[in-house]
Amino acid sequence: MRPSFLPRLVNSELYDPIVYVRILNEKKSLMFDCGRIEGLAAREILCLDAIFISHTHMDHFIGIDQVLRIILHRDKPMHIYGPEGITAKMLAKLHAYTWNLTQDYPLDIIIHEVQARTTLVTRTSAATGFEVISQETLEREGPAVVQAPRYRVDAVILDHHIACLGFVLKEIFHVNIRRDMIKRRGYIPGRWIGRLKECILSGDAGEIIEVDAAAGTRQVRVCELADDLVIMTSGQKIAFFTDIGFCEENVRLMESIAGEVDILFIETYYLDDMQDQASLKGHLTARQAGMIARRLGAKRVFPMHVSPRYHDRVSEIWRQMELDEP
Ligand SMILES: [Zn+2]
Ligand SMILES: [Zn+2]
């Protein structure tokens, strides 16, 4: 299966945990947590549609100012999702600056404060100096906080001695192209395949697209191509869990959204001899993170947010998780 989402751990295992996800065939990206973002190019930040903040400890939130600096002239809105208190924290960041010259700027920032049963949605805009334009409370039905045509993002509220969100990005279904049939029909792979995927994902079965073929261009309806060339399978699942204490309730909540996850990014702040400290600070040890990964049935696992005290002992982290270091 050719993946549709390309996740990248921006800062390696050490330092602030950030996962940047490119959604292929769309000029769109998502990001999980926003600590130090020096590892991201401005063009990557400009593609961001939404940033998901687990909690507002500094190492997960300090990069927001730099993101804002880069997207300030953009007309696409930015969505910020976060736990209880994110609205006040985000507005405090925005209101720390002077905005007397931004009346013509089209940027809107929409803050989604995720609570157990509701989401508080607050819209602000550069044009008004990021004053609150509107605010509404939406009921939450199930774990989803985002429902897009191609994907959804689920969130659970985990315990880090404060509310800390854990996230799973799920591709709704995956469009697999049968290369054997493309060859058999005499078609030539090209941009039209991306267009075909787009039409299938947006439900435009009646659309006609121009297909490159050995005998010249052919016009074919999407539903015909889909029957002939496409196999649908369940999509990719990517989980981001950081800054959580090791307790049954946290594990149960993670399991509720991340069973059989394809790629798991999980915090491993301490080695196992610091278990007491981990519990005191609401963090995981490498052994505990490994146990969670096995309980979730994770297919690939990446440790992150390893304490800098282990900068020369990262191999031990992998060993205690019982994973092979790549
Ligand atoms: Zn924290
Ligand atoms: Zn942290």
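User: Which hand is the crossing of α9 and α10, right or left?
Analyst: α9 passes α10 in a right-handed crossing. Right-handed here means the near helix is turned clockwise from the far one by less than a right angle, left-handed anticlockwise. This is a predicted model: local features need pLDDT of at least 70, side-chain atom pairs count only at pLDDT 80 or more, and totals for chains, interfaces and linings use all residues. Residues are numbered from 1 along each chain as its sequence is written, and chains are lettered from A and ligands numbered from 1 in the order in which they are written.

User: At what angle do the two pack?
Analyst: Helix α9 (286–296) and helix α10 (314–321) pack at about 45°, with axes 7 Å apart. That makes α9 oblique to α10. Oblique is what remains once angles under 35 degrees (roughly parallel), over 145 (roughly antiparallel) and 65 to 115 (roughly perpendicular) are taken out. Axes are lines fitted to C-alpha atoms, for helices over the stretch in contact, and angles run from 0 to 180 degrees between N-to-C directions. Helices (H or I, at least four residues) and strands (E, at least two) are DSSP runs, numbered from the N terminus.

User: Which residues meet there?
Analyst: From α9, Ala 286, Arg 287, Ala 289, Gly 290 and Ala 293; from α10, Ile 317, Gln 320 and Met 321. Contact means C-beta atoms, placed from the backbone, within 7 Å.

User: Switching to the sheet. What is the strand order?
Analyst: β9-β10-β11-β16-β17-β18, an open sheet of 6 strands with mixed pairing. Its edge strands are β9 (144–147) and β18 (300–304), each pairing on one side only. Strands pair if DSSP finds at least two bridges between them.

User: How many bridges join β10 to β11?
Analyst: 9, between β10 (151–159) and β11 (163–171), which run antiparallel. Tyr 151 has Glu 171 in β11 as its bridge partner. Asp 159 stands opposite Ala 163 in β11. The hairpin has 3 residues between the strands, and His 161 in that hairpin takes a positive phi near 70°.

User: And on the β9 side, how many bridges?
Analyst: β9 and β10 pair over 3 bridges, in the antiparallel sense. Gln 147 is partnered by Arg 152 in β10. A hairpin of 3 residues joins β9 to β10.

User: Which helix lies across β10?
Analyst: Helix α7 (248–258). α7 also lies across β11, β16 (237–241) and β17 (263–267), and runs at about 175° to β10.

User: Last one, domains. What are the bounds?
Analyst: Domain 1 is 5–172 + 235–321, domain 2 is 174–233. These bounds come from an automatic or database domain assignment. Their C-alpha centres lie 35 Å apart. 6 residues of domain 1 are in contact with 6 residues of domain 2.

Methods
Two residues are in contact if their C-beta atoms, placed from the backbone, lie within 7 Å.
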